[in-house]
Amino acid sequence: MANNNLEKKYPSIDKPWLKHFDEDVIMSPLPEGTIYQNIWEKNKDHLEGLALRYFGTEITYKQVFDNIHAAAKAFYSLGVREGDIVTIMSMHTPEDIYAIYALNYIGATANLVYATLTATELLEKLEATNSKLLLVLDVVLENLEEIWDKIDIPVIALGIADSMPLIKRTLVHVFEKKIHHKYMSWKEFLHHGDVEPPMATDSHGTAVIVYTSGTTGKPKGVVLSNYNINAIAKMADDSGKEFIRGKTTLMILPTFFGFGMSIMHLSLYHGINMKLWLDLDQDSIGKAFQKEKPTYFVGGPSLIDGFMRHVHGDLSYLLDFTGGGDELPLEKEKIINRFMADHGCTVNYTGGYGMTELASVVTMQVHSRYRYGSIGLPLIHCNAKVLNPDTNEELGYNEVGELCFTSPALMSGYYKDEASTAEIITTDQDGERWIHTGDLGHIDEDGYIFFDGRIKRIFVVRGGGSFIGKLFPQEIEELIMTHPMVESCAINVVHDEVRENVSVVYITLNDEGTESKTAENLIAELTEMLHHDLPDYLWPIGIHIIDRIPTTMNGKVDYKALATMD
């Protein structure tokens, strides 16, 4: 009898996506050097072009490099050396960008932490990384009150108004709160710059640490090298995205997001003019889009509704609207594309797939090779395969399993966490490092990849104002399971117009729970506990007591069945 396995085809071996690219693109080398060296080489002959716009201030590439150099001198004069780590807690202001590249100039690492960290969380990050300095956006300085006496390194305040025009800067200063602790302003910091630093050149030196969460929901530091971040900028170009020097992008993603860091670098790498927009509210972003009329825009599917509410008139100026970060239902994809076409746009909304551990993106839709429902083709120099989640056996075409990738942008690892790194990255017999995404998908015969659901469950959530955070159902489940009367718990996550995603709690009770309290009293007790221990943007919208948590055949929670219960 013939062995059918001998005839089976595997995408990771065939690499069918390569047939869509020319040979010279496939063989094109990736950039060497640091991220600073690459943006300098790309822009040194175009220094008068606009690089940044910030609340009416226009900043040329020459001014960007001058500020980077001044900051590098100041860092070096304050004792920062190659291999050191400096923590930055900021939004994507010009000073934030200058600081990242200035540290890279001297070979130090920018530890980019969320601007929404609690004081205690920040202190933990400072201690874990042995940071030499702390840079903090001035509007969050007051949040550090409880740990100020424990911070024994210099603190530099990045003024949110530092690069604003004089009138706007003055108005901001009128309303800012006074901080009664010692720190340096950005201007004072630059005055320390009296020593010329040597320029680092190590392609594989660590550029940044950015934070994400794994399947446990616990934050992990993702270590990204110069090579990782430069590779994204080059691969996006080689894979069919069209970047035109001097065109504009509306930059809404903070650099403490891995995606934000890579998009910022990609824009500077290609000579794009970034309009920096700090308000993350989707309606605010939609209004800013209508006003600024950018050539390029990168934002998740959650921004589509705000975009369609506020954008009107001719959209022919828009050459690329890229989304990512969450699943986009096929019907919603068709709606946004119809909307864009009806307004004169000649391109489609293009999605993709990525992870912070991959320096943002590993598959990408492009307009010349668009396929509905797909998350695109692997980037040049990347490989993809699908594994059976239970056996780790590689699957063939159109078989659904766990998506795994290789990429030159794959992180070095999680910071000081070899065990977690080993859980997500494996090395095959040829020495290739593969990341196991925890997400389900399949690959068709043309090399297009399709997303089929999440093994790990992490969701974007919106809080008050423009705050964006993440909802980890497992954390809520673990909290509820601390109640002595709860036997089991599962969380279903549903869409919400205000918070994007909200949780619904389902529990079963042990004997004590079923005998000693009414259902109403127990639900009230659990609600009080959750409201006490969770921020309001994570509060569940309902708690249901059921007889049994539904499970699939392999014993895992059946979330589709759970959604039908009450």
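Two strands count as paired if DSSP finds at least two bridges between them, and helices (H or I, at least four residues) and strands (E, at least two) are themselves DSSP runs, numbered from the N terminus. This is a predicted model, in which local features need pLDDT of at least 70 and side-chain atom pairs count only at pLDDT 80 or more, while totals for chains, interfaces and linings use all residues. Residues are numbered from 1 along each chain as its sequence is written, and side-chain values use heavy atoms, with hydrogens and water left out.

Let's start with a pair of strands. M89 stands opposite V113 in β4. The strands here are β3 and β4 (residues 109–113), which pair in the parallel sense over 5 bridges. If you're wondering what holds such a pair together, strands of a sheet pair through backbone hydrogen bonds, either parallel or antiparallel. Now look at β3 (residues 85–89) on its own: 5 of its 5 residues are buried, so the strand is largely enclosed by the rest of the structure. Buried here means under 20% relative accessible area, exposed means over 50%, and partly exposed is in between (1.4 Å probe, protein chains only). I85, T87 and M89 point one way from β3, V86 and I88 point the other way, and all are buried.

Next, find the open sheet of 7 strands. Reading across, the order is β2-β1-β11-β10-β12-β13-β14, and the pairing is mixed. At the edges sit β2 (57–60) and β14 (349–350), each pairing on one side only. Strand β13 (residues 320–322) pairs with β14 in the parallel sense over 2 bridges, and F321 stands opposite Y349 in β14.

Helix α10 (residues 258–269) touches β1 (50–54), β10 (248–251), β11 (273–276) and β12 (296–298), and its direction makes about 160 degrees with that of β10. Helix α11 (residues 282–292) also packs on the sheet, touching β1, β10, β11 and β12, with its direction at about 165 degrees to that of β10. For these angles, axes are lines fitted to C-alpha atoms, for helices over the stretch in contact, and angles run from 0 to 180 degrees between N-to-C directions. Contact means heavy atoms within 4.5 Å.

Stay with the sheet for a moment and pick out D320, which is in strand β13. Is D320 buried or exposed? D320 is buried, with a relative accessible area of 7%. Not counting residues up to four places away in sequence, D320 touches K241, T295, Y296, F297, V347, T350 and H367. The chain also brings D320 and E242 to 8.3 Å from each other, C-alpha to C-alpha, although they are 78 residues apart in sequence.

Now for some empty space. Rolling a probe the size of a water molecule over the atoms shows where empty space is left. On a 1 Å grid over the protein atoms alone, a cavity is a set of points where a 1.4 Å probe fits but cannot get out, and lining residues have an atom within 4 Å of a point. Grid points are joined across faces, edges and corners, and a volume is the space filled by probe spheres set on the points. By this rule there is 1 cavity of 30 Å³ or more, and the largest cavity holds about 30 Å³ of space. Its lining is made up of Q282, I285, G286, F289, F297, L303 and F307. Helix α11 gives the largest share of that lining, 4 residues.

A few other residues are worth a visit. Y36 is found in helix α3 (residues 35–43) and counts as buried at 8% relative accessibility. Leaving aside neighbours within four places in sequence, Y36 is in contact with F65, I68, Y101, N104, Y105 and M199. K234, in helix α9 (residues 226–238), is buried too, with a relative accessible area of 15%. Beyond its neighbours within four places in sequence, K234 is in contact with S28, P29, L30, P31 and Y269.

Most residues other than glycine have a negative phi, and most peptide bonds are trans. K15, however, has a positive phi of about 50 degrees although it is not a glycine. You'll find K15 in the loop between α1 (11–14) and α2 (23–26), partly exposed at 33% relative accessibility. F55 also has a positive phi, near 50 degrees. F55 is in the loop between β1 and β2, and counts as partly exposed at 28% relative accessibility.

Terms used: On a 1 Å grid over the protein atoms alone, a cavity is a set of points where a 1.4 Å probe fits but cannot get out, and a pocket is an open set with protein on both sides within 12 Å along at least five of seven lines; lining residues have an atom within 4 Å of a point.
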